[in-house]
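Here is a short report for a reader meeting this structure for the first time. Please look over the sequence and the model, then read on.

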Amino acid sequence: MLVALGAVYILGRPWQHGWGLEIGYLSWKDRLLYAGGLVTLSGALVALVVNYRKQLAAEAGQFTAGFADAARQLGDQAPAVRIAGVYALATLADRHPGRRQQCIDALCGYLRLPYHPEAGAGHLAERSTETTDTETHVKTIDRRSYRADDREVRLTIIRTIRDHLRPHAAVSWQGHDFDFTGATFDGGDFTKAVFSGGTVNFEGAEFSGGTVHFEGAEFSGGTVHFTEAEFSGGTVHFGRAKFSGGTVHFGGAEFSGGIVNFAEAEFSGGTVHFGRAKFSGGTVHFGGAEFSGGTVDFWRAVFSGGTVDFRSAEFSGGTVHFGRAEFSGGTVDFRWAVFSGGTVDFRSAEFSGGTVHFGRAEFSGGTVHFTGAEFSGGTVHFGRAEFSGGTVHFTGAKFSGSTVHFTGAKFSGGTVHFEGAKFSGGTVHFVGAEFSGGTVHFAGAVLAGGEVRAEREQLAVLAPDLANVTWAGGGLNVGGAVAKSEEELRRLLASTQ
């Protein structure tokens, strides 16, 4: 249509001066030349569009054929051929940005296939598991087939993904989705990978052996799920990883064995969830980690065994939640930790067993809440801790058992609140503590059982607030002398003057 209109326009104007372009001086020969040129140009444009479409179709055909070949290689019996298929898929992903996610999905899908470390490392192709119902005594045999000698293929996939997520990758896969749901990891290296967008899903994954590395990885955007993952053996390293944005979920994860290491990790932004996680064995290290921003959440986490280590960690900003967490066994260690800012929240946490250490920790700023916490068993140590600033709340806490030590602690500033706390059992020790400044409040506390132990030298500091407590069976033990009423406290005071 455009060619016809152009030719009519150039060959002559049937409508006098209708289109405003004066070409009346052109001869018929010139007009024919111009018309021919326009037709030629239009033909060239049409050919260009047709060729472009053919090229797209050819590239699509090449991708489809290449993808099918790579998929066949991944399904081959020989491990070397499967590894070649991994590299073939990676090459396709690099060359075809619009189909990159499809290639990534295929690589991740391979990792989600049934896998057992013993089968993966050797030639075992089938594994049977026999279980017997305790009530019906019916035996069930679960047989599963595995790819023999598959471990190196899987490690190659992980390395390939890691290399494309590093900062200076020739072709970056950052921002894409990676689905490892339910995959089994007995090794793998994500060192210095950058998770800056998209969704990375390790939900329900099993870390049962070997070593999986996330050292120096950066979580700066997007979402990473370790929800309900199982850490039952081996080692998972997040040492020196940086969490500056996005969200990382460990909610409902189970730590029953092995080592998970966040030593010297940096939490400066974003959110890391450990809500409802279960720590029943193994060791989780946060030693030397820096919490300067964002939120780290252990809400309703269960600590029933193993060790969770925050030694020498620095809390200078952001919020760390242990609200309603349950400490019934194992050890949680904050020795030498520094609390200089932000909020660490143990509100309504339950301490019924195990040991929680704050020995030699430094409280120089920020707020630490034990408001409404219940201490019914186990031991909580604040021995030789230094309270020089900030606020520590035990307001409304319940001490019905367990032992809480402030032995050798130094109170030189800041405020420690025991207002409204209820002491019905167990022991709270202040023996050897130094009160040179700051304030310790016991106003409104209830001494219904157990003991608060202090020394005569400390009585002058503690007595003003202890005069406002409710005496209902508990006592204040000062150098072996026990006061169980306000009148007995006055006599104790008089004897020290």
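At 48% relative accessibility, Arg-276 counts as partly exposed. The scale is simple: buried is under 20% relative accessible area, exposed is over 50%, and partly exposed is in between, with a 1.4 Å probe and protein chains only. Arg-276 is found in the loop between strand S17 (271-273) and strand S18 (278-279). Its phi is positive, about 65°, although Arg-276 is not a glycine. Most residues other than glycine have a negative phi.

Trp-336 also has a positive phi of about 65° and is not a glycine. Its place is the loop between strand S23 (326-333) and strand S24 (338-345). Trp-336 counts as partly exposed because its relative accessibility is 43%.

## The model and the whole chain

This is a predicted model: local features need pLDDT of at least 70, side-chain atom pairs count only at pLDDT 80 or more, and totals for chains, interfaces and linings use all residues. Residues are numbered from 1 along each chain as its sequence is written, and side-chain values use heavy atoms, with hydrogens and water left out.

The chain holds eight helices and 36 strands. These are DSSP runs, numbered from the N terminus: helices are H or I with at least four residues, strands are E with at least two. The chain has 497 residues, and 43% of them count as buried. Contact means heavy atoms within 4.5 Å. Among contacts with a separation of 6 or more, 66% are between residues 24 or more positions apart.

## Parallel strand pairs

Two strands pair if DSSP finds at least two bridges between them. Strand S28 (residues 386-393) pairs with strand S30 (residues 410-417) in the parallel sense, over six bridges. His-393 has His-417 in S30 as its bridge partner. S30 also runs parallel to strand S32 (residues 434-441), joined by six bridges. Here Phe-411 is partnered by Phe-435 in S32.

Strand S27 (residues 374-381) and strand S29 (residues 398-405) form a parallel pair over five bridges. Glu-374 stands opposite Lys-398 in S29. S29 in turn pairs with strand S31 (residues 422-429), in the parallel sense, over six bridges. Phe-399 faces Phe-423 of S31 in that pairing.

## Helix H6 and its partners

Two packed helices are described by the angle between their axes and the distance between the axes. Axes are lines fitted to C-alpha atoms, for helices over the stretch in contact, and angles run from 0 to 180 degrees between N-to-C directions. Helix H3 (residues 79-95) packs on helix H6 (residues 151-165) at about 20°, with the axes 9 Å apart. H3 and H6 are therefore roughly parallel to each other. Angles under 35 degrees count as roughly parallel, over 145 as roughly antiparallel, 65 to 115 as roughly perpendicular and the rest as oblique. In H3, residues including Ile-83, Val-86 and Tyr-87 meet residues of H6, among them Val-153, Ile-157 and His-164. The residues of this contact divide into seven nonpolar, three polar and three charged. Ala, Val, Leu, Ile, Met, Phe, Trp, Tyr, Cys and Pro count as nonpolar, Asp, Glu, Lys and Arg as charged, and the others, Gly among them, as polar.

Helix H4 (residues 100-111) meets H6 too: their axes come within 10 Å and cross at roughly 145°. Leu-107, Cys-108, Tyr-110 and Leu-111 in H4 meet Val-153, Arg-154, Ile-157, Ile-158 and Ile-161 in H6. This contact counts eight nonpolar residues, no polar and one charged.
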